[in-house]
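Okay, thanks everyone. Let me put the model up on the screen.

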Amino acid sequence: MILWHDTLIARERAQVDIEDRGYQFGDGIYEVIRVYGGKIFCLSEHLDRFERSAREIKLDLPYSLERLGSLLEDLVRQNQLTDGTVYLQASRGAAPRNHPFPEKAVPVIVAYTKEAPRPMSYLQDGIHTITQEDIRWLRCDIKSLNLLGAVLAKQAAVERGCQESILHRDGRVTEGSSTNVFIVKDGELRTHPANNLILHGITRAVVLELAQELAIPVKETPFFVEELFRADEIFVTSTTMEIAPVVSIDGRKTGSGHPGPVTRRLQEAFEKRI
Ligand code: PMP
């Protein structure tokens, strides 16, 4: 079953209009949410971010967050999902193609589930990455459907046998194509501040909380690409990648070339949370 507006229906019954604005303009927003053991992880944090994205693009959500949350829980239950993800999307709706907001369009809400195991090999052995110029727009804090910048960056990584692109603006590291980036230097954690240049990752926020619990000092300040190569440890975070150690960048070994001790401590603490 999928969620279509506020009803669970068979996937085959859902029909997207060819003039849906999500489809034509990327005019909409989304969330990817993790399900562990049949329970939705950080549901209220994801719904709050969804609401914030909607507000920032002036899209009025047709349902309250409480309603949306219980619809998603119904969806997970109906589909008997134990480990996987929920994809939730709102587009501004269908209307004759024209850039300004249509007067009559009704937002289209869709959600569906996917079974997905935890990315154990990434978590244990780490991932390989490349660096790329960040060519995206200046509102990366909005989780919008416009993902072409991210798609091109991820594809460049895949074409070089890697799992992620680490993006930078004029040498300053912002985030990954679908992850937030952290470095560890002399026992201190650093990551880009949560401003307009990055997505305010839910996993990023969990890691910042865990660091505080573990008394690991954190600085939310930008750092340069050269500092990646001098870092003791690097890892990326996301709902689907969790806390994934980075073992190489642009073909060069990073840190010790193996997942580091601070990354391991954070992974263990994260494991307890889920
Ligand atoms: N940055 C970008 C650009 C992303 O697409 C994602 C994944 N949605 C993240 C960071 C990580 O965010 P989260 O931890 O909320 O999944």
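I'll go from the overall fold to one helix and then to the ligand.

First, the housekeeping: this is a predicted model, where local features need pLDDT of at least 70, side-chain atom pairs count only at pLDDT 80 or more, and totals for chains, interfaces and linings use all residues. Residues are numbered from 1 along each chain as its sequence is written.

So, the protein has eight helices and 15 strands; those are DSSP runs numbered from the N terminus, H or I with at least four residues for helices, E with at least two for strands. Its C-alpha trace spans about 55 × 40 × 30 Å along the principal axes. Of the 274 residues, 37% are buried, meaning 20 or more other C-beta atoms within 10 Å of their own, with C-beta atoms placed from the backbone.

Now helix 2, residues 43–56. Which of its residues are buried? Leu43, His46, Leu47, Arg49, Phe50 and Ser53. They cover an arc of only 160 degrees around the axis, so they sit on the same side of helix 2; the arc is taken over directions from the helix axis to the C-beta atoms.

Last, the ligand. There are 14 residues around it, and Leu199, Gly201, Ile202, Thr203 and Thr239 come nearest; the cut-off is a backbone-placed C-beta atom within 6 Å. Helix 6 (202–213) and strand 13 (233–238) each give two or more residues to that shell, and helix 6 has the largest share, three residues.

Notes:
Buried ≥ 20, exposed ≤ 12 C-beta atoms within 10 Å, placed from the backbone.
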